[in-house]
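Please consider the sequence and the three-dimensional model shown here.

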Amino acid sequence: MKKGLSERNIGYLLILPALLLILVIAIYPVARSFYLSLYDIRLNDPTKSEPHRQYAIDVDRYADNLLLLGSALDREIEQAEGDAQERLTQLRGELEEVQGVLAEDPAFVERFETVDNLLLEGEDVPAELKRITIQNEQADVVVDKFRKINTILVDLNRQQALADGKRVVGLSNGLKETVIEPNFIGLQYYKDYIQDGRLWSSLNNTMVFTVISVTLELLLGLWIAMVINRQFVGRGVVRAAVLIPWALPTAVAAMMWKFLFDGQNGVMAKIFESIGLIPDMGVLLTTKFWSMFAVIFADVWKTTPFMALLILAGLQTIPRNLYEAAEVDGASKIQQFFRITLPMLRTTILVALLFRTLDAFRVFDLIYVLTGGGPANATETISVYAYKTMFAQMNFGAGSALAVIVFICVAIISMIFVRLLGRDLISDGR
């Protein structure tokens with residue numbers, strides 16, 4: 001009997017492309033972020049611009065600074081006298097010892113000669129030739145010597161024993177920085193964030209924003225969906241008008257609300273003050289409570305149509321004969337809503353809540369444009385905090401750790417939804 005693939009294996013083959021796509025688009029970025037979070041990566045520091053677990057030498061800067069510092073020390077020795085001359089001579093010997101230690105590595109010697117020749121010819125050094133790893137034993141000696149040289153030169157400069165002290169110390173600092181130390185720190189960022197008050201404050205802001213905005217959007221979206229699901233004149237125009245806020249780009253909507261909430265000329269700020277909702281026009285974007293109110297109000301206006309659209313789609317799937325039978329049995333409209341509409345919308349509401357909750361928890365553009373996370377971080381969410389850390393402070397290691405924390409929170413939310421509300425969605429009721 002001819003054997004072939006089982007139905008189970010055929011099923012696996014059919015979903016394999018989707019799994020590979022998820023792996024590339026979703027899993028790899030998270031894995032990469034976690035990998036970067038294990039290193040102290042700072043784009044504003046050339047020695048920490050990329051992850052490395054071993055000591056390395058920036059051969060380009062080393063060759064340049066070594067030649068210049070050696071020549072500068074020779075001139076200082078010729079002009080110095082007494083104790084200063086002896087100390088400078090000793091430093092010249094220390095510098096030669098460093099060269100001797102590094103010369104024991106054939107790979108380094110070859111790379112140094114290549115880079116030195118390129119510098120002499122006035123050519124640019126390719127990126128792949130600029131750095132080379134060295135053994136920890138060599139690194140310990142080199143780092144110790146460079147620090148010693150720098151300390152003594154700083155001391156001599158303070159005593160005004162150097163003819164061109166500022167330049168010599170600058171070259172010494174430059175030579176010391178050519179040693180690139182390992183920036184692997186393991187889980188240190190996560191340990192620090194556990195005790196970081198700003199992280200917990202941003203998480204609290206995120207939870208407040210998510211819970212309140214999603215709740216209001218669900219209630220308003222359900223009401224709007226019930227209204228536009230009825231037959232009335234101009235229903236098509238109303239449905240199109242309802243979707244306008246959702247169709248606007250979030251950044252554009254946020255900028256619009258920023259003008260509307262302005263404390264000097266904002267129309268909505270004036271209306272809120274006139275009806276007694278706020279004490280003063282200027283509080284909406286300048287105080288902790290009212291700035292959170294402002295971002296929640298703008299988000300509810302922007303994304304309630306999304307909830308209404310999903311719920312409307314669910315309402316359209318409910319058979320009309322169920323309501324007709326309920327009317328024959330004497331059920332009121334309220335009874336029909338709670339006994340027919342809500343149970344039949346369970347799966348639709350779950351999907352709408354899941355997508356909207358995840359989207360609200362990751363909110364960035366609305367808050368960044370509207371308040372920038374202010375005032376005094378009152379509306380700073382975890383995504384805004386991660387952005388500021390990664391791009392404003394150029395701390396990619398810490399920013400990647402925050403990105404992983406966001407992923408973990410989103411994963412927990414997803415599991416809670418599926419566990420508590422979505423069992424029938426994934427098991428088809430079995």
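The model is a predicted one, and local features are described where pLDDT is at least 70. The description begins with the largest pocket, which holds about 450 Å³ of space. The lining of this pocket consists of M226, N229, R230, L315, Q316, I318, R320, Y323, K333, Q336, F337 and T341. Two or more of the lining residues come from each of α14 (288-316), α15 (320-328) and α16 (333-344). With four residues, α16 gives the most to the lining. By residue class, the lining of the largest pocket comprises five nonpolar, four polar and three charged residues.

The next subject is helix α12, which spans residues 250-260. Which residues of this helix are buried? They are A253, A254 and W257. Because these residues cover an arc of only 100° around the axis, they lie on the same side of α12.

In the model as a whole, the count of aromatic pairs comes to 24. A pair of aromatic rings is described by the distance of the centres and the angle of the planes. Y62 and F112 form a pair with 5.8 Å from centre to centre and 70° between the planes. Because an angle over 60 degrees counts as edge-to-face, the pair of Y62 and F112 is edge-to-face. This pair links distant parts of the chain, since Y62 lies in helix α2 (residues 59-79) and F112 in helix α4 (residues 106-120), 50 residues apart. The two partners can also be described by their accessibility. Y62 counts as buried, at 2% relative accessibility, whereas F112 is partly exposed, with a relative accessible area of 21%.

The pair of F293 and F297 is tilted, because the planes of the rings stand at 40°, with the centres 5.9 Å apart. Both F293 and F297 lie in helix α14, where they are four residues apart, about one turn of the helix. F293 counts as partly exposed at 22% relative accessibility, and F297 is likewise partly exposed, with a relative accessible area of 27%.

The account now turns to backbone geometry. Most residues other than glycine have a negative phi, and most peptide bonds are trans. Where does P375 lie? P375 is placed in the loop between α18 (365-370) and α19 (382-392). The peptide bond that joins G374 and P375 is cis, with omega at about -5°. A376 is also in the loop between α18 and α19, and its phi is positive, near 55°, although A376 is a residue other than glycine. N377, found in the loop between α18 and α19 as well, has a positive phi of about 65° and is not a glycine either. In accessibility, A376 is exposed, with a relative accessible area of 79%, while N377 is partly exposed, with a relative accessible area of 31%.

G186 is found in the loop between β3 (179-180) and α8 (188-194). Is G186 buried or exposed? G186 counts as buried, because its relative accessibility is 12% and the limit for a buried residue is under 20%. Leaving aside residues up to four places away in sequence, G186 touches S37 and L38. Between the C-alpha atoms of G186 and Q85, which are 101 residues apart along the chain, the separation is 46 Å.

I275 lies in the loop between α13 and α14. At 61% relative accessibility, I275 counts as exposed. From C-alpha to C-alpha, I275 and T151 are 69 Å apart in space, and they are 124 residues apart in sequence.

Notes:
Residues are numbered from 1 along each chain as its sequence is written. This is a predicted model: local features need pLDDT of at least 70, side-chain atom pairs count only at pLDDT 80 or more; totals for chains, interfaces and linings use all residues. Side-chain values use heavy atoms; hydrogens and water are left out. On a 1 Å grid over the protein atoms alone, a cavity is a set of points where a 1.4 Å probe fits but cannot get out, and a pocket is an open set with protein on both sides within 12 Å along at least five of seven lines; lining residues have an atom within 4 Å of a point. Grid points are joined across faces, edges and corners, and a volume is the space filled by probe spheres set on the points. Ala, Val, Leu, Ile, Met, Phe, Trp, Tyr, Cys and Pro count as nonpolar, Asp, Glu, Lys and Arg as charged, and the others, Gly among them, as polar. Buried means under 20% relative accessible area, exposed over 50%, partly exposed in between (1.4 Å probe, protein chains only). The arc is that of the directions from the helix axis to the C-beta atoms. Rings of Phe, Tyr and Trp (its six-membered ring) pair if their centres lie within 6.5 Å; planes under 30 degrees apart count as stacked, over 60 as edge-to-face and the rest as tilted. Contact means heavy atoms within 4.5 Å.
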